[in-house]
Amino acid sequence: MQLIVPGAWDGTRRIDLPTAAGFDAEGTVWTGPQEWRNPYTGQMLTVYDRRRTTRREGSVEQKMALRLDGSAMGRVYDSRFGGLICDQEAKFPLDVWRQGEVRTFEYVCRTTRGGQVVERRRAARITIEELDYEYNGVPHSLRFAWRHSDRDTGEVLDHRTYIFSPGRGLAAQSRR
C-alpha cells in the first residue's frame, strides 16, 4: 500500500491501510482511510480519497478501495462520467505478484443517466513489467501496465504504464 498511497515502506510484505495525507509526485492528493457507502449497494467500504486537477479534465475526485481478494486497489467512485460507481475494479496491484505476471479482472460500473441506472461491464488487465527496481534513485519501485476495456465489446478505453516508488507514490505515468 505504501507504494500506492505515498508513504515510507519498511520492506515487509503485508497489506495494511496506512494514513495518507499528502501529495504524490504528480500532485495528486491522497487522504484516508475513511468510511464511504456505495449508493447502489449500501455496502460500507474503507476508501482513500484521491483528488487531482488536470488541464484536460479539470477537477477529478476518486474514491479508491481494496478488492475483496486483496489483489488490487481500484476506483469505487469517479466524479467523471456522470459519477461512476464501480464494484471490484482493479487499477493498482497489491499482494504478491511476480515480474511478468498478468492478471485480468472483471467488474461492473454504474452511473445514472436520465434518471435511469446504466450498468457497464468492464475488464482490467494488469501486467507487472518491472518489479523491485530502482527508478530515479529510489529502490523498490514498481512499473506496470494497466489496460481498461469494455468487457462486452473488447474496446480498449484506457491503456497506461504506471511507475510507483516508496515515499513518492505515483512517480510517472504514460499513455500507450
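Modeller: What follows treats the core, then its aromatic residues, and lastly some contacts of other kinds. Please keep in mind that this is a predicted model.

The largest nonpolar core has 28 residues. Within this core, the residues with the most contacts are Trp30, Met73, Phe92, Ile126, Phe144 and Phe164.

Let us turn to the aromatic residues. A pair of aromatic rings is described by two values, the distance of the centres and the angle of the planes. Phe92 and Tyr162 are 5.7 Å apart, centre to centre, with 85 degrees between the planes. An angle over 60 degrees counts as edge-to-face, and the pair of Phe92 and Tyr162 is therefore edge-to-face. Phe92 belongs to strand 7 (residues 92-93) and Tyr162 to strand 11, so the pair links distant parts of the chain, 70 residues apart. How buried are these two residues, by relative accessible area? Phe92 has a relative accessible area of 0% and is therefore buried; Tyr162, at 2% relative accessibility, counts as buried too.

The pair of Phe144 and Phe164 has another geometry: it is stacked, with 5.9 Å centre to centre and 10 degrees between the planes. Here too distant parts of the chain are linked, with Phe144 in strand 10 and Phe164 in strand 11, 20 residues apart. Phe144 is buried because its relative accessible area is 0%, and Phe164 is buried because its value is 1%. The two pairs come together, for Phe92, Phe144, Tyr162 and Phe164 form one aromatic cluster. Of these residues, Phe92, Phe144 and Phe164 were named above among those with the most contacts inside the largest core.

The charged end of Lys91 sits over the ring of Trp146, 4.1 Å from its centre. Likewise, the charged end of Arg103 sits over the ring of Trp97, at 3.9 Å from the ring centre.

The structure holds one disulfide, which joins Cys86 to Cys109 with an S to S distance of 2.1 Å. The torsion about the S-S bond is about 100 degrees, so the disulfide is right-handed. Cys86 lies in strand 6 and Cys109 in strand 8, and the pair links distant parts of the chain, 23 residues apart. Cys86 is buried, with a relative accessible area of 3%, and Cys109 is buried as well, at 1%.

Finally, a charged residue deserves a word. Arg52 lies in strand 3 (residues 44-54). Is Arg52 buried or exposed? At 17% relative accessibility, Arg52 counts as buried, because the limit for that term is under 20%. The side chains of Arg52 and Gln62 are joined by a polar contact of 3.2 Å. Leaving aside residues up to four places away in sequence, Arg52 touches Thr28, Glu57, Gly58, Ser59, Val60, Gln62 and Arg80.

Technical notes:
Residues numbered from 1 in each chain as written. Predicted model: local features only at pLDDT ≥ 70, side-chain atom pairs only at ≥ 80, totals over all residues. Heavy atoms only, no water. Core = buried A, V, L, I, M, F, W, Y, C linked by side-chain atoms within 4.5 Å. Buried < 20%, exposed > 50% of the residue type's maximum accessible area, 1.4 Å probe, protein only. Disulfide = S-S within 2.5 Å. Helix = DSSP H or I, 4+ residues; strand = E, 2+ residues; numbered from the N terminus. Phe/Tyr/Trp six-rings, centres within 6.5 Å; stacked < 30°, edge-to-face > 60°. Lys NZ or Arg CZ within 6 Å of the ring centre and 35° of its normal. Polar contact = N/O pair within 3.5 Å; in protein donor to acceptor, adjacent residues only side chain to side chain. Contact = heavy atoms within 4.5 Å.
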